[in-house]
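Here is a short report on a single chain. It covers selected helices, their packing, and a few backbone details.

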Amino acid sequence: GRLSDADALLSKILDDPYNRPVLPFAYFWKGEIGYRNNQLDTAIKYYHLYVDAGAPVSGEANPVNARYNLGYAYLRKENYPVSLTFFEPLVKAPALNTDGFSQDAYIRAADNYFMLKSFDRAKTMYDNVVKLSWPAEDYATFQIAMLAGVRGPTEKISLMNTMIRKFPESPLVVDANMEIANTYMANEKFRESIPFLLNVIKGTDNSSLIPQAYLKMGAAYYNIDNNAEALKHFKTIVSTYPNAPETEDAVDNIKTIYLEEGNPDEYASFMRQIGRPLSVNTEDSLTYFAAEKLYDDQKLNDALGAFNSYLQKFPSGSYTLDANFNRAEIYNAKKDWNNAVAAYEQVAADAPNKYAERAVLTAARINFFELKNYARAEAFFGQLKQITSSQENKLEAMRGLLRCQYNQQKWTEASENAKE
């Protein structure tokens with residue numbers, strides 16, 4: 001628009017061989033346009049050329065404005081030492097009647113000291129702003145609270161609360177609430193953080209903080225073992241702020257909660273609702289590992305139900321072997337012999353595999369000692385004899401075969417087995 005037209009005209013002036021009387025002013029306005037367009041390197045170049053050309057004055061084109069904007073340009077480039085050299089000389093002694101332009105330069109100088117970790121110098125300057133009751137007193141109080149955080153959380157929280165009380169209409173109130181919440185969370189005082197996060201959510205001054213607040217609120221509830229509230233807040237981000245940077249973290253947290261609770265089906269359903277259905281392989285894996293986590297946590301009844309549900313849903317799934325073996329172990333621990341044997345048989349039928357030897361041996365023992373089913377025990381001991389590489393298990397298999405055959409009055413087979 002008009003800025004680009006002005007920039008083109010200034011470029012023509014710079015190329016004009018008779019530009020000497022207006023050249024410094026062309027430099028200033030080229031710098032000004034660069035600054036307004038956020039082209040910081042261009043702004044810095046032309047402001048410096050203006051100052052080096054003697055910085056003649058014509059309205060807004062004056063050395064004070066040039067140095068002030070150079071201070072901001074370097075501040076935005078995070079070159080704090082250089083920024084400070086431009087802001088600091090603009091205010092020699094802060095006073096009640098210091099003009100607004102100079103007040104801002106003074107506060108930016110304090111900000112540079114803050115970023116350079118000259119905390120004592122920064123605090124002295126912010127304290128002056130508060131003592132003089134400048135319009136930016138709320139900002140200075142906020143920064144003093146941030147400085148207090150370097151020493152410890154208690155003073156920081158107290159000063160942030162003071163800032164909220166003294167300046168309830170300040171646009172920084174939302175930020176102050178967030179800082180208090182962050183401080184509590186950093187010290188694992190999750191319950192205490194919740195009211196301040198709620199204040200952020202209710203606030204309207206900084207809507208970009210609201211998805212962050214929902215995410216932190218969800219994390220706070222999760223850490224005090226209130227998963228229902230945690231899910232509610234994570235889901236609010238996904239539904240209300242689907243394009244926010246926090247959305248992916250919210251989805252990951254929803255997944256974690258559902259899987260920890262052994263509810264992979266609910267997670268899969270949620271993903272379908274938001275238009276991101278899981279692949280069959282992904283759902284297969286999530287369903288199994290949710291069951292396995294319950295098993296690892298020794299929640300055996302829940303784990304058993306989850307393994308059975310997995311096998312029903314994915315009868316040819318990637319983890320059917322693992323699920324059958326784990327549920328066999330649970331049934332065995334519960335002394336549910338018939339179901340244990342049935343599950344071990346499923347594993348044994350797929351031999352060789354990593355569980356086969358233990359499954360066959362345990363099925364043989366249960367059939368012999370608990371169910372007195374000597375025919376089935378004989379079959380399992382026979383299978384064990386064929387697949388084991390352990391001398392100890394081979395001996396147990398041969399003794400087991402002999403006992404089964406004896407109990408079934410299979411004298412010939414028993415005699416042949418005894419010879420071995």
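## Helix H20

H20 has 15 residues. From first C-alpha to last, H20 reaches 20 Å, close to the 21 Å expected at 1.5 Å a residue. The model is predicted.

The buried residues of H20 are Ala-356, Ala-359, Val-360, Leu-361, Thr-362, Ala-363, Ala-364, Ile-366, Asn-367 and Phe-368. Their cover includes helices H18 (320–333), H19 (337–349), H21 (374–387) and H22. Just past the end of H20, Lys-372 takes a positive phi of about 55°.

## H20 against H22

Two packed helices are described by the angle between their axes and the distance between the axes. For H20 (residues 356–370) and H22 (residues 391–407), the axes come within 11 Å and cross at roughly 30°. Angles under 35 degrees count as roughly parallel, so H20 is roughly parallel to H22. Their crossing is left-handed.

H20 supplies Glu-357, Leu-361, Arg-365, Phe-368 and Phe-369 to the contact. H22 supplies Asn-393, Glu-396, Arg-403, Cys-404 and Asn-407. By class, this contact has four nonpolar, two polar and four charged residues. Leu-361 and Phe-368 are in the contact and also among the buried residues of H20.

## H2 against H4

Near the other helices in this report, a second pair can be described in the same terms. H2 (residues 23–36) and H4 (residues 63–76) pack at an angle of about 35°, with their axes 11 Å apart. The crossing of H2 and H4 is left-handed.

On the H2 side, the contact residues are Phe-28, Glu-32 and Tyr-35. They meet Asn-65, Ala-66, Asn-69, Tyr-72, Ala-73 and Arg-76 of H4.

H8 (residues 137–151) has 15 residues. Its first and last C-alpha atoms are 22 Å apart, close to the 21 Å expected at 1.5 Å a residue.

Buried residues in H8 are Glu-137, Asp-138, Ala-140, Thr-141, Phe-142, Gln-143, Ile-144, Ala-145, Leu-147 and Ala-148. Charged Glu-137 and Asp-138 are thus on the buried list. The buried residues of H8 pack against H6 (100–115), H7 (119–131), H9 (153–166) and H10 (173–186).

Ser-83 is found in H5 (residues 80–87). Ser-83 counts as buried because its relative accessibility is 0%. Beyond its neighbours within four places in sequence, Ser-83 is in contact with Gly-71, Tyr-74, Leu-75 and Asn-112.

Ser-193 sits in H11 (residues 190–202). Ser-193 is buried, with a relative accessible area of 0%. Apart from neighbours within four places in sequence, Ser-193 contacts Ala-181, Tyr-184, Met-185 and Ala-220. Ser-193 and Asn-182 are eleven residues apart in sequence and 7.3 Å apart in space, C-alpha to C-alpha. Ile-254 lies in H14 (residues 247–260). Ile-254 is also buried, at 0% relative accessibility. Not counting residues up to four places away in sequence, Ile-254 touches Leu-231, Phe-234, Lys-235, Val-238, Tyr-267 and Phe-270. Between the C-alpha atoms of Ile-254 and Ser-316, 62 residues apart along the chain, the separation is 27 Å.

## A partly exposed serine

Ser-309 lies in H17 (residues 300–313). Is Ser-309 buried, partly exposed or exposed? Ser-309 is partly exposed, because its relative accessible area is 29%. Its C-alpha is 8.7 Å from that of Thr-287, 22 residues away along the chain.

## Loop backbone

Which peptide bond is cis? The bond from Ala-351 to Pro-352 is cis, with omega near 5°. Pro-352 lies in the loop between H19 and H20.

Gln-298 has a positive phi, near 60°, in a residue other than glycine. Gln-298 is placed in the loop between H16 (280–296) and H17. At 56% relative accessibility, Gln-298 counts as exposed. Lys-335 likewise has a positive phi near 60° and is not glycine. Lys-335 belongs to the loop between H18 and H19. Lys-335 is exposed, with a relative accessible area of 60%.

Note on methods: Residues are numbered from 1 along each chain as its sequence is written. This is a predicted model: local features need pLDDT of at least 70, side-chain atom pairs count only at pLDDT 80 or more; totals for chains, interfaces and linings use all residues. Side-chain values use heavy atoms; hydrogens and water are left out. Axes are lines fitted to C-alpha atoms, for helices over the stretch in contact, and angles run from 0 to 180 degrees between N-to-C directions. Helices (H or I, at least four residues) and strands (E, at least two) are DSSP runs, numbered from the N terminus. Angles under 35 degrees count as roughly parallel, over 145 as roughly antiparallel, 65 to 115 as roughly perpendicular and the rest as oblique. A crossing is left-handed if the near helix is turned anticlockwise from the far one by less than a right angle, and right-handed if clockwise. Contact means heavy atoms within 4.5 Å. The expected span of a helix is 1.5 Å times one less than its number of residues. Buried means under 20% relative accessible area, exposed over 50%, partly exposed in between (1.4 Å probe, protein chains only).
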